[in-house]
Protein chains: 2
Amino acid sequence: MADQELDERKIKILHAIIRNYLETGEPVGSRTISKYTDLNLSSATIRNEMADLEEMGYILQPHTSAGRIPSDKGYRLYVDTMMEEKDREIEELKELMIEREEKVDRMLKSVAKVLATNTNYATMVSAPAIRTNKIKFIQLSRMNEGQILAVVVVEGNVIKNNVIDSDGSIDDETLLKLNLLLNTNLCGKALEEISLAMITAMKQQAGIHSEMVGNVIDAIADSIKSEEDLQIYTSGTNNIFKYPELADSRKASDLINTFEEKQMLTELVNDTLAGEEGSGIQVYIGDETPVQSMKDCSVVTATYELGEGMRGTIGIIGPKRMDYEKVVGTLKSITHRLDELYKKK
Amino acid sequence: MADQELDERKIKILHAIIRNYLETGEPVGSRTISKYTDLNLSSATIRNEMADLEEMGYILQPHTSAGRIPSDKGYRLYVDTMMEEKDREIEELKELMIEREEKVDRMLKSVAKVLATNTNYATMVSAPAIRTNKIKFIQLSRMNEGQILAVVVVEGNVIKNNVIDSDGSIDDETLLKLNLLLNTNLCGKALEEISLAMITAMKQQAGIHSEMVGNVIDAIADSIKSEEDLQIYTSGTNNIFKYPELADSRKASDLINTFEEKQMLTELVNDTLAGEEGSGIQVYIGDETPVQSMKDCSVVTATYELGEGMRGTIGIIGPKRMDYEKVVGTLKSITHRLDELYKKK
DNA sequence: TATTAGCACTCCGAACGGATGAGTGCTAAC
DNA sequence: GTTAGCACTCATCCGTTCGGAGTGCTAATA
C-alpha cells in the first residue's frame, strides 16, 4: 500500500485537504473531508487514504490525533498541477492605479505598495539592474572652481550623478569637447558593455585630458555601484503579523530584518532572473527559497519587462498557506500591465 | 501625607527604584531597595515611602502585591533632574566610523545604521529639509529632441533632477542663456526663498522663452516635493523585538508600519525642530510622543546641524525603560561629531 | 475486495486547584 | 520616626482532570 501511485481519488482528497487548509489554517480531519467533497465516502475510508497520503509524504500530522496539514511536497504538487488560476483578478487589478510615470523608480514603489495592500502579503520589487540599462545621455558641467558635476541618464530615466573634484582647471571649451566625446562613444551602450578598450580609446582622443575621462568613467562606475547596484523597494512588511505562524517573535524579527537589509533579497532576485522559464512566474515553497529567513514562508516571484530588455523582479512573501491562485493571478496580470504600459513607446 | 513635597529621601528612593528597574526590567520591591541604597532603612520604612510615592504618581504597581515600576511622571522627573550623563560614551563613539562623505544622504544612512547597532534601539535620521537648503548650481541640458534634463544641486550635494518635455525646439544658444539666467538669479537662494516676483522677473528677461523658465521652476518645485520633501532613513527596526513589552504582535505591527511609512515620522521631526531649546535634545516619554504608534515607547531626539543652517533630526526609539543616560550621551556625541565634520569646510 | 461502522486510544487545550513566594499594608512596639 | 511582625493578596508554577477532536484498528457489510 506504500509505493503506489497517486490515483484519481487520492488526488481529489489531497486537493480537498489543501483547499480546506488554505481557507481555515487549521489541520483538517477525515470527517470534514468526507462531507466536503462530492465523492461520497465515509470518514473511515478517508482516514485510510489519508494514512497513505501521509506515508507518501504529501501531508503530515502536527501530532497524533490531530488533523492533517499539507507538507511542502503537498503544496508543490498543488501548485504544479492542481491549481486553477483565478483570472478574474486581472479585471480587478486593472482598476488599481498603476500608471506609467516618467521615472520608473517612482512607479515601482507604487507597484510594491499597491500589491501589498491588495494581497495582504509582504512585497518586494526590484528595479531593473542598472548595469544592463543603456546610457541615454551624459553631461559634465562645472559647478564651481574645483568641482565638476557628472550626470548620467540611463533608460527608464534613472539618473545617476556624482561630483568630481578636478584639480587641474579645465576651461569651458574642453568641457564641451569631453561631453561630445563621452556622448558619442557611450550613448546607447549598456553600462556593463563599456570595455577597457573603449576607455583607452577615449583617453587617447582626449589627449591631455585623458585623466579626466578616467575620472568620469570611475565616477560613473562608482555611482552605479554606490546604490548597491540593485535597488529594491518593499512594502507591507507588517502584513506578516496577520499570520500567526510567522508572527512569532523570533521569525518575525528575522523577516523584518531581511526586508530592512534589502541586500539579502538580491539572492531572490538573481535566482528568479536566472531560473526563468515559461510564464516567468516562480513559486518557492518553504525550504526551496534562496533566502534563509524565509524558510517558513512561501515566495512567489515574477519577472517583468519594461521594453528594451529592462527586466526586474516582483516578489510576494507570505505564509506557506498563502492563496497561490490569487497571488499568481495577480502577478500575471500586473506584469502584463507593466508590459503594456511600457511597450507603446 | 499626600500633598507633601518630595523630600531628599523620597528622591533617593525613587532614583533607586528607577535605576533598578532600568537594569532588570522587573518590578522592584521594598526589600531590594532597603539593601540597594546607602541610607540604611528597613523594608517597612521603604514601603511607607513607596506608598507615598505611588500616591503622588511617580510609581505604580502592575498589581497588588507586586513591586513598583516607574510611571511616566516618574521617568520624566528622572530624565529632567536625576540623570547623570555617561560622558565616556563619547570616546567610544569616536571609534565608530562616521566619516564625512561627498553626499550627505549616504552619510546619514550610515549614521542611522551605526546608531542602531550601537544602542540596540530603533533609529531614524531625517535629512535636512531640502527647501531650506541653498541652491548651488542649476543645469539645463538637452537629452534629445523633445526632452530637456534639469539638474539642481543644493547644499550637501543633494542632487535633484527632472526631465522636462519641451515642445518648442530650443537651440543651444538659448539653452546657454537660460542656464546663465537661472544660475545668476537662483544660486545661493534657499529653495523656499524663491518668490513669485523673482520668477516673473526672470520670465521677463527670458523673453520668448519665458514659458521655459516657468517649466523649469515647476520642475524644480516638483522634484523637491516628489520625494515627500522630507527624506528619512531608518535602521534597526527589528531591535524592538528585544524588548518584550514592545514585541507584542499588535504593537510591533504598528511600529513596523510606522517605520515603513516613514511619512508618519515627519511629525516627530517637526516637533523636534520646533520645540528646540538648550542642548537640542528632547525626550518624549510614552504619551508625550507626537506619534500615535509610539505610545508605549520612549523617544529621544536630537537636532544636528551641518553648517550653514542645514538642520535635521536624529531619533532613537525604544522601550520606556531605555537607557536614557547612554542614549542622550550617544546623541550628544554624535551631533557634536557631525558638527565638527561639517564645520571645517 | 473495497467500504463502512464502531470503538479504544491518543493527545491537545482549557479549566481547576493547591502550593509557593514575593511583596504589600497595617498594627503595635521600640 | 522607625521597625518587627503578621495577615493578606496575587502572579506563577505545576500536577490533575476532563472534554473533544481525531486517529488507527478491527470486524462486519455490500
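I started with A:Arg311, which counts as partly exposed because its relative accessibility is 29% (buried is under 20% relative accessible area, exposed over 50%, partly exposed in between, with a 1.4 Å probe and protein chains only). This is a predicted model, where local features need pLDDT of at least 70, side-chain atom pairs count only at pLDDT 80 or more, and totals for chains, interfaces and linings use all residues. For my own bookkeeping, residues are numbered from 1 along each chain as its sequence is written, chains are lettered from A and ligands numbered from 1 in the order in which they are written, and side-chain values use heavy atoms, with hydrogens and water left out.

Next I looked up where A:Arg311 sits: in strand S10 of chain A, residues 311–319 (helices are DSSP runs of H or I, at least four residues, strands are runs of E, at least two, and both are numbered from the N terminus). I also checked A:Ala129, which is 182 residues from A:Arg311 in sequence but 7.4 Å away in space, C-alpha to C-alpha.

**DNA strand C**

Which residues are closest to DNA strand C? I found 20 residues around DNA strand C, with A:Arg9, A:Thr45, A:Thr64, A:Ser65 and B:Ser30 the closest (near means that a heavy atom of the residue lies within 4 Å). Of the DNA strand C atoms that come within 4 Å of the protein, 78% belong to sugar and phosphate.

I sorted this surface by class and got four nonpolar, twelve polar and four charged residues (Ala, Val, Leu, Ile, Met, Phe, Trp, Tyr, Cys and Pro are nonpolar, Asp, Glu, Lys and Arg charged, the others, Gly among them, polar). Helix H3 (43–56) of chain A and helix H3 (43–56) of chain B each give at least two residues to it, and H3(A) has the largest share, four residues.

Then I went through single atoms. B:Arg68 puts a polar side-chain atom 3.0 Å from a phosphate oxygen of DNA strand C, and A:Thr64 has one 3.5 Å from a phosphate oxygen. B:Arg47 reaches a base instead: a side-chain N or O atom is 3.1 Å from a base nitrogen of DNA strand C.

**Cores**

I noted 210 residues in the largest nonpolar core, with A:Tyr324, A:Leu331, B:Tyr324 and B:Leu331 having the most contacts inside it (a core is a set of buried Ala, Val, Leu, Ile, Met, Phe, Trp, Tyr and Cys residues joined through side-chain atoms within 4.5 Å). Another core lies apart from it and has 14 residues, among them A:Phe137 and B:Ile159.

Note on methods:
A polar contact is a pair of N or O atoms within 3.5 Å; within protein, one must be able to donate a hydrogen and the other to accept it, and residues adjacent in sequence count only if both atoms are side-chain atoms.
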